[in-house]
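The sequence and structure are shown first.

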Amino acid sequence: MVSQRINYLQVAGILTVLTALVHIGCIVFGGDWYRFLGAGEHMAQLAESGHPYPTIVTSVISAVLLLWASYAFSGAGLIVRLPLIRLALILISTIFLARALGFYFIMPAFPDNSLTFWLTSSGICLILGLTYSLGLIQRWNLISGKA
């Protein structure tokens, strides 16, 4: 039986795509999804009233997540090498880890979000940040062209 190592950047890419799809689900399914995911009653009501703000914010978040997934897949060797791959993966890892560990400091800026939202989203960001970091370490030589 052939043993294969886990490609952490591939896992990071898949998890990031799933996270983007959940955000897209909020756009498609509206207020109930915003409420269920803890984004706050105000965001849910805006979505239900047809206000563009929730769609714009959630679309931008989804687009960024899909871009980051592309960098993960590129670093994993699954798609063409994207520009500034090492720098991008370092920044993505850092942003996810900072968001995970620094949520307490940004909570006051979003008082409508539930504690469940903050704990769940921070846990997800921690998992993503660690997965990107492990993948970057695992594939550093391949990404840097030293393999």
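Leaving out neighbours within four places in sequence, Leu97 is in contact with Leu126, Gly129, Leu130 and Ser133, where contact means heavy atoms within 4.5 Å. Leu97 itself belongs to helix 5, which covers residues 85-101. Its relative accessibility of 21% makes Leu97 partly exposed; the term buried is used here for under 20% relative accessible area, exposed for over 50%, and partly exposed for values in between (1.4 Å probe, protein chains only). Between Leu97 and Ser121, which are 24 residues apart in sequence, the C-alpha to C-alpha separation is 12 Å.

The model is predicted: local features need pLDDT of at least 70 and side-chain atom pairs count only at pLDDT 80 or more, while totals for chains, interfaces and linings use all residues. Residues are numbered from 1 along each chain as its sequence is written, and side-chain values use heavy atoms, with hydrogens and water left out.

**Overall fold**

The chain contains seven helices and zero strands. Helices (H or I, at least four residues) and strands (E, at least two) are DSSP runs numbered from the N terminus. In order from the N terminus, the elements read α-α-α-α-α-α-α. Along the principal axes, the C-alpha atoms of the chain fill a box of roughly 55 × 35 × 30 Å. Of the 147 residues in the chain, 37% count as buried. Among contacts between residues at least 6 apart in sequence, 64% join residues at least 24 apart.

**Individual residues**

Helix 5 also holds Leu101. With a relative accessible area of 63%, Leu101 is exposed. The C-alpha atom of Leu101 is separated by 7.5 Å from that of Leu126, a residue 25 positions away along the chain.

Ser62 lies in helix 4 and is buried, its relative accessible area being 3%. Apart from residues up to four places away in sequence, Ser62 touches Ala20, His23 and Ile24.

**Helix packing**

Two helix pairs are set out below. Axes are lines fitted to C-alpha atoms, for helices over the stretch in contact, and angles run from 0 to 180 degrees between N-to-C directions.

| Helix pair | Angle | Axis distance |
|---|---|---|
| Helix 3 (residues 41-48) and helix 4 (residues 52-75) | about 110° | 7 Å apart |
| Helix 4 and helix 7 (residues 115-144) | roughly 45° | within 10 Å |

Helix 3 is thus roughly perpendicular to helix 4. Angles under 35 degrees count as roughly parallel, over 145 as roughly antiparallel, 65 to 115 as roughly perpendicular and the rest as oblique. On the helix 3 side the contact is made by Met43, Leu46 and Ala47, and on the helix 4 side by Tyr53, Pro54 and Val57. By class, this contact of helix 3 with helix 4 has six nonpolar, no polar and no charged residues. In this classification Ala, Val, Leu, Ile, Met, Phe, Trp, Tyr, Cys and Pro are nonpolar, Asp, Glu, Lys and Arg are charged, and the others, Gly among them, are polar.

Helix 4 and helix 7, by contrast, are oblique to each other. Their contact involves Trp68, Ala69, Ala72 and Gly75 from helix 4, together with Tyr132, Arg139 and Ile143 from helix 7. The contact of helix 4 with helix 7 comprises five nonpolar, one polar and one charged residues.

**Aromatic pairs**

The structure holds six aromatic pairs. Rings of Phe, Tyr and Trp (its six-membered ring) pair if their centres lie within 6.5 Å; planes under 30 degrees apart count as stacked, over 60 as edge-to-face and the rest as tilted. One of these pairs is formed by Tyr104 and Phe105, which are edge-to-face at 5.7 Å centre to centre with 85° between the planes. Both Tyr104 and Phe105 are exposed. Trp68, Phe96 and Tyr132 form one aromatic cluster.

**Cysteines**

How many disulfides does the structure hold? There are zero disulfides, a disulfide being a pair of cysteine sulfur atoms within 2.5 Å. The closest cysteine sulfur to that of Cys26 is in Cys125, and at 14 Å this is too far for a bond. Cys26 counts as buried, at 5% relative accessibility. Cys125 is buried as well, with a relative accessible area of 11%.
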